[in-house]
Structures are given as structure tokens and as C-alpha cells.
Amino acid sequence: MSRLPRTLLYLVFAVILLSRSFPVGESAIGVNWGTISFHRLKPSTVVDLLKDNKITKVKLFDADPDALAALVGSGIEVMVGIPNEMLAALSSSTDASDLWVRQNVSRYVFKGGADIRYVAVGNEPFLTSYSGQFQSLVVPALLNLQQSLVKANLAGYVKLVVPCNADAYESSLPSQGAFRPELTQIMTQLVSFLNSNGSPFVVNIYPFLSLYGNSDFPQDYAFFEGSSHPVTDGSNVYYNAFDGNFDTLVSALNKLGYGQMPIVIGEVGWPTDGAVGANLTAARFFNQGLINHVLSNKGTPLRPGFPPMDIYLFSLLDEGAKSVLPGNFERHWGIFSFDGQAKYALNLGLGNRLLKNAKNIEYLPSRWCVADPFKDLTNVANHMRIACSVADCTTLDYGGSCNGIGANGNISYAFNSYYQLQMQNAQSCDFDGLGMVTFLDPSVGDCRFLVGVTDHKKSLAFRPTHRRTTIWISILWWMWFFQML
């Protein structure tokens, strides 16, 4: 063999080895499509919104049949989610995993069907607040589901992943990153499984939560324009929390012997309402900075030139029925409002200069329920409490966009939120004679009084996504009922 062919052969081997070490190619921008909303858009409308904005990757939190049916033939790559509550059944029974794969993957994956690339097994199952209840279920569920994918001849195409919260690892400096001690054994099994099956490590990173939960956290360190409080780690200097968090994970994976594993950001974003610091300006500043940073392909100090494989912005749409246990901001992460209208100018770097709004939205009539200004509102507190226990009033609280509209404005906002949720049923604006319907938009400044959209099944007054939401609403109603006796 001559020297030139041998040299070329060595180069080929080198390229192969490098390609196995890091993901090759530019990062892709995807979105999380959550559906915990009282005002759900038609799934076909959401898919059209994705396509109009050239978004080619979407992550679902469950195997919503309406969403998956709408994604058939769209060409959009899909990550389907499995809720944590299903891990027990899937970890204990291959029959259960076979059935789940048949119903939620196989039936949609066909020529011209839905392009399901990933199945997310659980959602942040190692979160410290879960007190370990899901930890022992993850790996057995993975093994059963992998076996089911093999049976369905889909294992070579559909990859299993486990979205982890950033609290799965810890360190004061990125170079010292390590998984929490109680997770070391499980994480070793998990990353070994991911590596052997060609799956990336999926992590959710939220600089906003670091800022929200720590008054001493430097505000500029949460963004991407440089910081007056950079973190120095040996020869590496970190000017933003995202890079520092990412490299902490890289170090943790390296300690397990998988430092070259590809990483996908499953959730990252900034809310626009419901807390101090959660506003349109900050959200645009963060998300645009993040997109520009990732698409620049600069990478991080521990992975220069190699950014995350993909990032999935959290989230596509606001979800007004989400739990507010973590904070009122939980209902306001969308880059689009609940009705598919862009909240702020954002360039996703996907061919469109700015976001495009959803089209052909079916709104309810332009009318609102407000407090009757000629009535005595002294005893309105209980009506407000009932209205806000069902509808979303999170913008009224401290830091919210409607916090400064005054007492009567607060009452009207609560009344209208309930009224729209009840599909503008006339009786739902009564409130013992204290409410009235108006055709003049009562919105004030940034405080928007919404008009609902028609439910995509056009059935009941509202249609919560989860049965437990319906149960909770029923409990609240009966509590109110017995208080009235």
C-alpha cells in the first residue's frame, strides 16, 4: 500500500473517531408543546404554527393522540413523553411496555406518518422534591421499553431518553461537577444504557429559577451579554449561567467515563409574567441571547466548538391550567400566548426574521365580564376567590402584568377570566348581580383581558387536559357549596 492511500485511511479513521466523540453539525432549535390549558387551540392550528415558523422539532409531555395525529405527515421530528406516574407500570411489565409502544409509537410511525425520533421516559424523575419515589423505576422502565421497541422493529430509529433536571448534579465550580451521591449508581446505569443505544443525555436548564430562588444571584449572569460577576474555574471563565451549568453536567458525565456523550437541552426558557423579573423584555433578552449563543457554535469552555445537539425552548404556548406550586410564572413560559400570538419579536434563526402568529384562530365574541361600577362590591371577595380557584388570575399577584390595575380592576379581571373559561355563558357573569357584560375591551396597558378561543372539540365549557384537574375543580366547587350552606 502506498503512503498516500494509507494517509487517507488514517484521516478517515480519525474523522470516524471524532464523529463518535461529539455530535457533528449545527444545533437545532425545537420547542416544548404543553397542553395544560383551558383554552386549547386545535392541534392542526398548532402544527401549522410550527411549520410557519420553520420549527422542525417538537417535544410533547405525553402521547396526546390529537397532537400526534396532527403531526402525521408534517415532517416535524417528535419527542413523545411518558409521565412519571406511568413508570411503575412500565417498569414492572413488558406487556405494559409493549402495549404503550403499540398505541403511542407504532400506530403513528409509518411512511408519511409522524416522525417520532425520541421517547422521553419520565420527566425529571430524579427531582429532589420527588424524594426518590421514581428513582428505582427509571432503568427497569427503559429496559422494558427498549425490548418493546426491538419487538416493533423500531429500536434503530426511535431512541429512549430521560429528561433530567439540573439538580441531578451539583458543584460549586463546573470542573468539579458530579451527580448527587444517591444517584451515582442509577446514573451510571442510565448513561451506560444511553451510550449503548445511541441516545443523548437530556437535561433541563433554567437560569431564571436560579435568579428567582436566590436574591444573591447576579442578574446579568443569567443572560448572555457578559457578566460583572463571572465565575473563574482554573483557566476557564464563565460569563453566563447556562454555560456554567452545561459544563457542570459535562464534568459529571466525565466522572462516570462518558464525558463525550452528546447532550440535548430538553427545556430552557424565560417566563413573561407572574413574578418579579418575569416579563416580556427579560424573556426576549434571554431567549434571543440563548439562540444566538447556541447557533454561533462557540460551545462552552469544556466543549469548545460543540454546543448542545438540540435545544427545546420552553415553551411554545402559555398553559393557563398548570400548577402554580413552583410559582405563578409557571403559566407564562410561552413564546406565544395561549392563542398562538407572538408575545415579542424573536428570531429563531430558522429562516424567518421574526415569529409569525397562528392563523385562523376561532375566538369567542368580543365581549368581557367586568364588575358593575354601580353595585356595592363590599362582599365580592368570596366571588373572586371562587373565580380564581378555577380560572387563571396569576397576573394579578405581585410582579404580574395586572398587579397595578386597582381593586375594581382586579375584580373585573377575575370575573372575566372565569367568564371566558365558561365559554361566555351568561350566568357565569352574574356573581350575585355584581358582574356585567361589556363590549368595550377593559385591558389596561400591558394587562390584557383575554377573550377565549373555542375549544377544539367544541364540547363543554372547558376541557382540562388531565382528569386530576377536573377532580380538583370539583373539590373546590363542593368546598365553596358547603361554605354557602
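Leaving aside its neighbours within four places in sequence, with which residues is Lys 255 in contact? In this predicted model, the partners are Ser 175, Gln 176, Gly 177 and Ala 178, where contact means heavy atoms within 4.5 Å. Lys 255 belongs to helix α9 (residues 241–255); helices here are DSSP runs of H or I with at least four residues, numbered from the N terminus. The C-alpha atom of Lys 255 is separated by 10.0 Å from that of Thr 184, 71 residues apart along the chain.

Residues are numbered from 1 along each chain as its sequence is written, and side-chain values use heavy atoms, with hydrogens and water left out. As the model is predicted, local features need pLDDT of at least 70 and side-chain atom pairs count only at pLDDT 80 or more, while totals for chains, interfaces and linings use all residues.

Helix packing comes next. Two packed helices are described by the angle between their axes and the distance between the axes. Axes are lines fitted to C-alpha atoms, for helices over the stretch in contact, and angles run from 0 to 180 degrees between N-to-C directions. Helix α6 (residues 135–151) packs against helix α5 (residues 94–106) at an angle of about 55°, the axes lying 8 Å apart. α5 is therefore oblique to α6 (angles under 35 degrees count as roughly parallel, over 145 as roughly antiparallel, 65 to 115 as roughly perpendicular and the rest as oblique). The crossing of α5 past α6 is right-handed, that is, the near helix is turned clockwise from the far one by less than a right angle, with anticlockwise giving left-handed. On the α5 side the contact involves Thr 94, Ser 97, Asp 98, Trp 100 and Val 101, and among their α6 partners are Asn 144, Leu 145 and Lys 151.

α6 also packs against helix α7 (residues 184–196), with axes that come within 10 Å and cross at roughly 20°. That angle makes α6 roughly parallel to α7, and the crossing is left-handed. Gln 135, Val 139, Leu 142, Leu 143 and Gln 146 of α6 meet Ile 186, Gln 189, Leu 190 and Phe 193 of α7. Six of these residues are nonpolar, three are polar and none is charged, counting Ala, Val, Leu, Ile, Met, Phe, Trp, Tyr, Cys and Pro as nonpolar, Asp, Glu, Lys and Arg as charged, and the others, Gly among them, as polar.

Turning to open space, the second largest pocket has a volume of about 740 Å³. A pocket is an open set of points, on a 1 Å grid over the protein atoms alone, with protein on both sides within 12 Å along at least five of seven lines, and lining residues have an atom within 4 Å of a point. Grid points are joined across faces, edges and corners, and a volume is the space filled by probe spheres set on the points. Of the 31 lining residues, Asp 273, Asp 318, His 332, Thr 395 and Arg 448 are the closest to the pocket centre. α10 (280–295) and α12 (406–421) are the elements that give two or more residues to this lining, and α12 provides the largest share, three residues. The lining comprises 10 nonpolar, 13 polar and eight charged residues.

Technical notes
On a 1 Å grid over the protein atoms alone, a cavity is a set of points where a 1.4 Å probe fits but cannot get out, and a pocket is an open set with protein on both sides within 12 Å along at least five of seven lines; lining residues have an atom within 4 Å of a point.
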